[in-house]
Amino acid sequence: MAVTSSSSPLSTLYLFLRPNRNHRTLSNVVITAASIRCFSSPSQQMDDQRQPETTKRVVVCGGGVIGVCTAYFLAKKGAAVTLIEKSSVACAASGKAGGFLALDWCDGGAVGSLARASFNLHRALSEELNGPESYGYRPLTTLSITVTESRSSSPSGDSTIPSWVDGPARGPRTIGSTQTTAQVHPQLFTRTLLNTAVEKYGVEVVIGKLEQLRVQGGRVGSVVLEGGRVIESDSVVLALGPWTGKFEMLASMFRVYGLKAHSIVLEPKEPGAITPHALFLSYHLQGGKAMDPEVYPRPTGEVYLCGMSAEEEVPDDPEQIVGNPESIQTLKRVASNVSSHLAEGEARVKAEQACFLPCTDDGVPVIGELPGVKGCYVATGHSCWGILNGPATGAAVAELVLDGRASIVDLSRFSPARFVGRGKVTV
């Protein structure tokens with residue numbers, strides 16, 4: 001990858017991404033909560049011009065929750081939006097996360113106001129999109145519980161602990177109520193939102209690998225996909241998640257690294273026995289080692305468990321991401337010790353998986369216009385709060401792109417301008 005420039009005022013700057021695979025166009029797309037089907041049109045090859053001059057053309061790169069939320073709110077405000085995704089929509093962390101939402105858990109930190117705005121937007125979107133039926137939106141009670149592995153341990157008998165948590169659990173504490181915590185199925189949420197954006201607001205979805213971002217005179221002008229397709233644009237939003245580091249220009253300005261998180265999805269034989277309680281565990285393995293897994297029952301009858309995170313190199317292709325066997329086995333061990341309903345023989349393992357959470361060195365997302373490149377915006381680095389903060393991030397970026405400023409939340413603390421002087425970027 002390279003960033004090249006020329007002294008000529010008419011030169012075009014090419015911002016390269018690593019090549020991956022040929023693109024295919026979703027010229028007529030049907031996006032449901034479960035799948036994406038495409039029907040290619042031979043006549044639709046290079047014809048991506050021209051919208052009426054009053055309509056702003058925006059290309060959003062990245063089909064995760066941040067990119068989809070941004071595309072949704074841009075299109076809802078009247079922009080002509082093309083969403084580019086190199087693999088499939090919500091195929092990575094946005095499809096494999098827990099989907100936990102909290103109103104006030106980020107209070108006192110940089111993302112506190114963003115989280116509050118986004119929690120409320122989730123509630124509004126659920127009303128608009130029939131969230132409980134479409135993607136499993138529901139408020140829930142959240143508990144902190146200590147579990148210590150021991151052959152002599154027995155259920156505590158504490159009435160605060162849900163009856164299905166019949167392992168050696170102690171010290172329950174309510175840390176979220178139905179007013180302050182909720183959940184969604186993240187993949188269903190992301191795809192439902194995109195389905196609405198396509199059907200109601202005309203968003204075009206293109207499955208393809210972003211290869212070049214062309215900048216003329218300090219302003220973005222178009223994107224180029226692997227294979228040569230050029231999509232003209234007035235603005236571009238880069239919502240690349242942990243793949244931000246594959247974009248050399250961004251990588252030279254700030255670091256976004258991938259935190260590999262593991263999860264399993266179980267289908268218990270008696271899903272009706274599992275009450276809507278999210279569990280944040282202080283879990284002590286035999287031998288004294290402690291870990292902090294999380295357990296999220298879903299209204300679909302599934303139970304999601306996650307934990308075992310570590311920084312690793314992000315592969316170029318999201319389809320190459322697989323879980324580490326030892327981490328997966330540990331999560332199964334946690335499940336069986338927390339509840340007999342989740343033990344082997346009582347629950348089917350539906351998924352063993354891993355994903356990469358996009359993290360920044362200062363722990364703060366990067367949201368805003370890139371210094372020196374007019375019309376080019378970035379939205380990434382949301383770590384474990386991407387599903388929670390997707391709606392407010394998307395709404396704020398849509399306002400920034402179309403109105404020049406965001407009113408839903410102050411984006412100044414997230415600006416990529418905070419990294420100016422740390423890298424060596426010449427535009």
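## Ground rules

The model is predicted, so to speak, on its own terms: local features need pLDDT of at least 70, side-chain atom pairs count only at pLDDT 80 or more, and totals for chains, interfaces and linings use all residues. Numbering starts from 1 along each chain as its sequence is written, and side-chain values use heavy atoms, with hydrogens and water left out.

## Helix 7

Helix 7 has 14 residues and reaches 20 Å from its first C-alpha to its last, close to the 20 Å expected at 1.5 Å a residue (the expected span is 1.5 Å times one less than the number of residues). Helices here are DSSP runs of H or I with at least four residues, strands are runs of E with at least two, and both are numbered from the N terminus.

The buried residues of helix 7 are Ser327, Ile328, Thr330, Leu331, Val334, Ala335 and Val338. They cover an arc of only 160 degrees around the axis, which puts them on the same side of helix 7; the arc is taken from the directions from the helix axis to the C-beta atoms. Pro325 and Glu326, on the other side, are exposed. Buried means under 20% relative accessible area, exposed over 50%, and partly exposed in between, with a 1.4 Å probe and protein chains only. Among the elements covering the buried residues are strand 10 (141-148), strand 18 (256-268) and strand 23, where contact means heavy atoms within 4.5 Å.

Ser339 sits in the loop between helix 7 (325-338) and strand 23 (347-360), and is buried at a relative accessible area of 0%. The Ser339 side chain reaches the backbone oxygen of Trp164 at 2.6 Å and the backbone nitrogen of His341 at 3.1 Å. Leaving aside neighbours within four places in sequence, Ser339 touches Trp164, Val165 and Asp166.

Thr54, in the loop between strand 5 (36-39) and strand 6 (57-61), is exposed at 77% relative accessibility. Thr54 and Ala79 are 25 residues apart in sequence and 9.2 Å apart in space, C-alpha to C-alpha.

## Aromatic pairs

The whole structure holds 11 aromatic pairs. Rings of Phe, Tyr and Trp (its six-membered ring) pair if their centres lie within 6.5 Å; planes under 30 degrees apart count as stacked, over 60 as edge-to-face and the rest as tilted. Phe100 and Tyr296 are stacked, at 5.5 Å centre to centre and 5 degrees between the planes. Phe100 lies in strand 8 and Tyr296 in strand 21, so the pair ties together parts 196 residues apart in sequence.

Definitions and conventions. A polar contact is a pair of N or O atoms within 3.5 Å; within protein, one must be able to donate a hydrogen and the other to accept it, and residues adjacent in sequence count only if both atoms are side-chain atoms.
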